[in-house]
Amino acid sequence: MKTATQLIHSIPVDELTGAISVPIYQTSTFVQESPGINKGFEFSRANNPTRKVLEELICSLEEGYAGFAFASGMSAIDAVLKLLKSGDEIMAVEDTYGGIFQIFNHMFERFGIKVNFVDTSNTDKVLAAITPNTKIIWLESPTNPTLRISDIKSISKIAKQHNILLAVDNTFSTPLLQQPLTLGADIVIHSASKYLSGHCDVIAGLVVVNSKPLADQIRYNQNISGSILSPFDAWLTIRGIETLYLRLEKQCSNAGAIATWLAAHPAVDKVFYPGLATHKNHHIARKQQKNYGALVSFSLKSDNIKNAIRIVNATKLFKLAESFGGVKSMLAHPATMTHRTIPEDFRRKTGLQDSCIRLSVGIEDADDLINDLKQALDKLNHPAGKQITVLQ
């Protein structure tokens with residue numbers, strides 16, 4: 001079956017009633033026939049029928065062994081990190097989301113877990129950074145917000161040679177554009193608040209693993225910690241996934257057009273988009289992704305926070321907001337918003353400039369979105385730039 005058909009028909013019809021929409025089992029507990037004899041459900045912290053449908057759905061889409069739904073993307077990450085113990089080390093992509101930086105440096109380091117930040121877009125640097133205590137390699141590909149690309153397949157081979165788990169945050173791509181488990185990863189994480197739910201109306205996190213031992217550990221962490229997704233939020237996420245294929249198709253098309261236009265604008269310095277031939281590791285993105293995604297970041301020739309804020313305050317269609325992946329286009333200024341907790345010197349070292357602006361491209365008409373950016377950018381009046389083409 002084609003991807004669109006498979007996605008839709010991976011969502012089951014309710015066996016009990018024939019309901020074509022997955023029912024919301026808004027219950028905390030379940031009646032048992034006798035102690036330990038039940039219909040597969042005892043207490044909703046451990047398992048819930050609505051949540052189970054979502055967990056099986058994301059597992060199917062990622063081609064994994066088992067899936068798990070959490071109250072947020074950060075709680076999903078927390079459950080994965082609890083696979084570690086004191087003395088273990090994480091090798092993490094250096095160009096990472098601010099929330100990840102905080103949980104690594106301000107929480108888990110207190111428990112004796114060391115984090116080494118590495119430019120994972122260079123596979124040689126990954127190999128060189130491995131220590132005897134490295135237990136997890138943590139990737140985002142593309143990264144947030146400069147969209148760096150790491151070679152998941154090559155890094156997975158390195159990880160396996162050293163008996164290291166490979167975890168990949170696949171939020172930006174979703175399983176429709178990239179399937180890290182099929183490239184050799186052991187664990188995939190999603191902030192389902194983004195593209196999967198797709199309408200900015202739910203907070204949710206997902207984890208998919210490739211083996212029973214990992215599934216048993218994540219299931220234990222999920223149940224004991226209790227950071228589970230509610231039945232209603234699970235239903236919202238399922239409903240969002242039903243239209244994921246159509247939304248992403250339009251969003252990716254819009255993003256490619258916007259990236260090409262930005263690259264030629266005289267006020268723009270750098271454009272970060274894996275679909276541009278000039279983007280570092282474009283050839284890897286072309287190989288491991290089915291499309292280049294719907295996030296575009298760019299910096300200004302007048303590289304300062306003041307001018308970036310002028311731009312983000314001047315757009316009309318692009319709404320100034322944290323998060324991404326919704327049907328409405330949004331933009332953010334990472335240095336003062338999503339990445340403000342990252343120390344300035346580290347932020348700049350990873351290539352996140354003061355003027356970097358991140359666009360979450362929605363499903364509006366591309367020409368309208370470009371015109372909105374034009375009226376904001378043209379206020380800066382910079383000299384002519386050069387044209388860069390996007391590859392399809």
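Trainee: How do the residues of the lining of the largest cavity divide into nonpolar, polar and charged?
Mentor: Please keep in mind that this is a predicted model. The lining of the largest cavity has eight nonpolar residues, three polar ones and no charged ones.

Trainee: Which residues line the largest cavity?
Mentor: The lining consists of Pro142, Leu147, Phe172, Ser173, Tyr195, Pro274, Gln289, Tyr292, Gly293, Ala294 and Leu295. The space in this largest cavity comes to about 50 Å³.

Trainee: How many cavities of 30 Å³ or more does the structure hold?
Mentor: There are two of them. The second largest cavity has about 30 Å³ of space.

Trainee: And what lines the second largest cavity?
Mentor: Its lining is made up of Glu94, Asp95, Thr96, His339, Ile342, Phe346, Arg347, Thr350 and Leu352. By type, these residues divide into three nonpolar, three polar and three charged.

Trainee: Tyr195 was in the lining of the largest cavity. What is Thr171 in contact with, leaving aside its neighbours within four places in sequence?
Mentor: Tyr195 is one of the residues in contact with Thr171; the others are Ile189, His190, Ser191, Lys194 and Phe324.

Trainee: Where is Thr171 found, and is it buried or exposed?
Mentor: Thr171 is in the loop between strand E5 (165–169) and helix H7 (174–177). Its relative accessible area is 6%, so Thr171 is buried.

Trainee: Changing topic to helices, why is helix H3 described as largely enclosed by the rest of the structure?
Mentor: Helix H3 covers residues 73–81, and eight of its nine residues are buried, so the rest of the structure largely encloses it.

Trainee: Which residues in H3 are buried?
Mentor: They are Gly73, Ser75, Ala76, Ile77, Asp78, Ala79, Val80 and Leu81.

Trainee: One last topic, the open sheet of five strands: what is its order?
Mentor: The order is E8-E9-E12-E11-E10, and the pairing is mixed. Strand E8 (268–272) and strand E10 (319–320) are the edge strands, each pairing on one side only.

Trainee: How many bridges join strand E11 to strand E12?
Mentor: Three bridges join E11 (residues 330–332) to E12 (residues 357–360), and the two strands run antiparallel. Within this pairing, Leu331 has Leu359 of E12 as its bridge partner.

Definitions and conventions:
Residues numbered from 1 in each chain as written. Predicted model: local features only at pLDDT ≥ 70, side-chain atom pairs only at ≥ 80, totals over all residues. Heavy atoms only, no water. Buried < 20%, exposed > 50% of the residue type's maximum accessible area, 1.4 Å probe, protein only. Helix = DSSP H or I, 4+ residues; strand = E, 2+ residues; numbered from the N terminus. Contact = heavy atoms within 4.5 Å. 1 Å grid on protein atoms, 1.4 Å probe; cavity = no way out; pocket = protein on both sides within 12 Å on 5 of 7 lines; lining within 4 Å. Points joined across faces, edges and corners; volume = space filled by probe spheres on them. Nonpolar A, V, L, I, M, F, W, Y, C, P; charged D, E, K, R; others polar. Pairing = 2+ DSSP bridges.
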